[in-house]
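Dear colleague,

Here is the structure for your files, followed by notes on what was found in it. Please look through the notes with the model open.

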Amino acid sequence: MRYRNPILPADFSDPDVIRVGEDFYMVSSSFNFNPCIPVLHSVNLVEWELIGYVMDNLPLDIYKKVVHGGGVWAPSIRYHNGTFYCCFPLYGYGVWVCETKDIYGKWSAPRRLLPFEGLEDPCPIWTDDGKCYMAVAFCISKAGFNSYIAVYEVSPDLTECYGDYKIVYDGHNDNPCIEGPKFYKHGDYYYIYAPAGGVKHGWQTALRSKNIYGPYESKVVMAQDDSKINGPHQGALVDLPDGGYAFVHFSDRGAYGRITYLQPAEWINDWCICGKPKYRILNGSPTGEGEYPVNIQSGHKIDYSDCFKDKLSPVWQTPAVCGSDWYSVKDGLKIKGCEPTNVYYLDKCLTQRFSAYNFKVSVKAEIKGDCYAALAVTGSTCYSLCLFNDRIEKRVSDANGEKTVFTTYYGSRFSPFNGRKDAEIPPENMVNGKAELGLMVQKINGKALCMFTIDGRHWSDFVASAGRWIGARVALCCVGDGEAVFKDYVVTELPVEPEENF
């Protein structure tokens with residue numbers, strides 16, 4: 001059986017993957033979104049299902065407001081003595097740990113293990129003598145420096161730190177901006193797999209040493225070379241049930257986010273080369289397709305549609321810690337109107353990732369009161385399709401403010417497409433405060449071209465933008481004095497042109 005990359009064309013940034021028995025588990029960054037740290041499951045590394053989150057909410061009061069780019073960066077997941085551990089940095093607030101015996105159940109409350117605010121990308125390893133160590137990188141905006149990998153000794157239950165870190169590798173000369181370390185032991189060597197060179201144009205480096213504290217020698221084990229898959233960035237080396245290996249990583253795709261790829265991996269001269277090497281002594285490069293690492297088909301997938309029957313689908317997240325008293329789910333999603341604000345900073349909205357390169361969304365919306373319901377695309381620039389009692393508006397917002405760029409009143413046949421027939425809004429189809437809002441997204445020349453629709457007719461287009469370390473998102477919200485009711489949220493994946501499908 002063959003697969004085609006990307007295996008997850010959605011923004012599951014900084015993936016870390018482990019195998020426990022016949023099952024694979026993945027965690028990824030969630031930044032300022034809640035619930036936090038998605039947990040995914042697979043039996044073949046190709047088909048994935050979303051099974052939960054590590055935390056319901058970020059644990060600090062600062063995240064009761066939208067903090068773009070803050071929160072959880074690059075978590076790691078490990079399994080030791082019957083317990084799953086997730087280690088993660090909270091940007092500017094050190095390294096934290098959650099644990100669970102049941103990965104489908106509840107995780108422990110987060111506890112801070114390493115207080116230094118400049119740390120990022122932690123990953124533990126347990127050694128044969130019963131000790132535990134944690135590799136970390138450094139965030140230049142908080143630590144004042146980067147391009148180093150360091151190691152702490154910590155207690156085996158990840159509750160205590162034994163002293164300060166020790167720098168084990170300086171990447172300034174050969175591997176600048178090295179980060180995202182993942183710790184492994186294979187044969188006689190300790191290995192630290194870490195990306196370097198930056199997200200968009202970097203490469204994957206491996207460090208190895210027979211001593212936990214080094215000295216470490218380095219080798220580039222995967223780089224873009226002539227592949228279309230740019231900057232093959234941080235990820236996970238995964239052992240397979242048959243004794244083989246694979247590598248899961250992300251690649252930055254702008255408004256689509258940092259999406260997930262799967263590569264073959266092979267041990268050559270005590271280095272695990274990832275991707276497809278042109279020559280066995282050199283690095284590999286990312287491939288667009290390959291054989292299933294495990295010859296099983298599961299049919300697992302992430303369903304981004306939601307009928308809003310009696311509970312929210314787990315694909316929805318809020319951009320701040322804002323409770324749940326402002327919405328309810330029973331035969332529809334009811335969202336209470338919030339105070340008028342810039343959508344860029346709106347905390348009380350429900351968001352989900354772009355689900356594919358090409359897809360469309362439709363949702364039935366109705367408002368009650370003096371408010372508007374919005375279907376929005378968020379990013380560094382946000383675009384909102386706003387349903388009022390007497391009109392439809394397109395609004396654009398960013399960090400500097402919000403403005404209305406187009407308005408169509410009910411009964412008007414005027415649209416942003418200047419009379420194009422398929423874009424006009426027939427008065428007979430418009431009911432005050434009630435409509436089917438829609439969105440179509442297509443990858444064209446690498447960009448996410450979006451088009452809002454009303455009752456299935458094209459109305460206005462725009463190009464989505466990435467957010468702070470994340471891809472664009474689709475959002476639902478209600479603003480003003482009233483309530484919005486959303487029903488039948490349907491996401492449909494659409495075909496992708498071959499030249500765009502990588």
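R258 is buried, at a relative accessible area of 9%; buried stands for under 20%, exposed for over 50%, and partly exposed for what lies in between (1.4 Å probe, protein chains only). Its side chain meets that of D252 in a salt bridge, 3.6 Å from N to O. The term salt bridge is used for a side-chain nitrogen of Lys or Arg within 4 Å of a carboxyl oxygen of Asp or Glu. D252 is also buried, at 13%, and it forms a salt bridge with K200, where the closest N and O atoms are 3.0 Å apart. K200 sits in the loop between β15 (189–196) and β16 (203–209) and D252 in strand β19 (residues 245–252), so this pair ties together parts that are 52 residues apart in sequence. K200 is partly exposed, with a relative accessible area of 44%. Strands, like helices, are DSSP runs numbered from the N terminus (E, at least two residues, for strands; H or I, at least four, for helices).

This is a predicted model, in which local features need pLDDT of at least 70 and side-chain atom pairs count only at pLDDT 80 or more, while totals for chains, interfaces and linings use all residues. Residues are numbered from 1 along each chain as its sequence is written, and side-chain values use heavy atoms, with hydrogens and water left out.

The structure holds 16 salt bridges. Another one of them joins the side chains of E99 and R111, at 2.7 Å from N to O. E99 belongs to strand β8 (residues 95–100) and R111 to strand β9 (residues 111–114), so the pair ties together parts twelve residues apart in sequence. E99 is partly exposed at 24%, and R111 is partly exposed at 22%.

N5, in the loop between β1 (2–4) and β2 (16–20), is buried at 2% relative accessibility. A polar atom of the N5 side chain lies 2.8 Å from the backbone oxygen of T287. Among the residues that N5 touches are Y261, T287 and F502. C132, in strand β11 (residues 132–138), is buried at 0% relative accessibility. Its contacts include W126, Y152 and P156.

By contrast, N57 is partly exposed at 36% and lies in the loop between β5 (49–55) and β6 (76–80). N57 touches N34, C36 and V321, again not counting residues up to four places away in sequence. N57 and C322 are 265 residues apart in sequence but 9.0 Å apart in space, C-alpha to C-alpha.

Regards

Methods
A polar contact is a pair of N or O atoms within 3.5 Å; within protein, one must be able to donate a hydrogen and the other to accept it, and residues adjacent in sequence count only if both atoms are side-chain atoms. Contact means heavy atoms within 4.5 Å.
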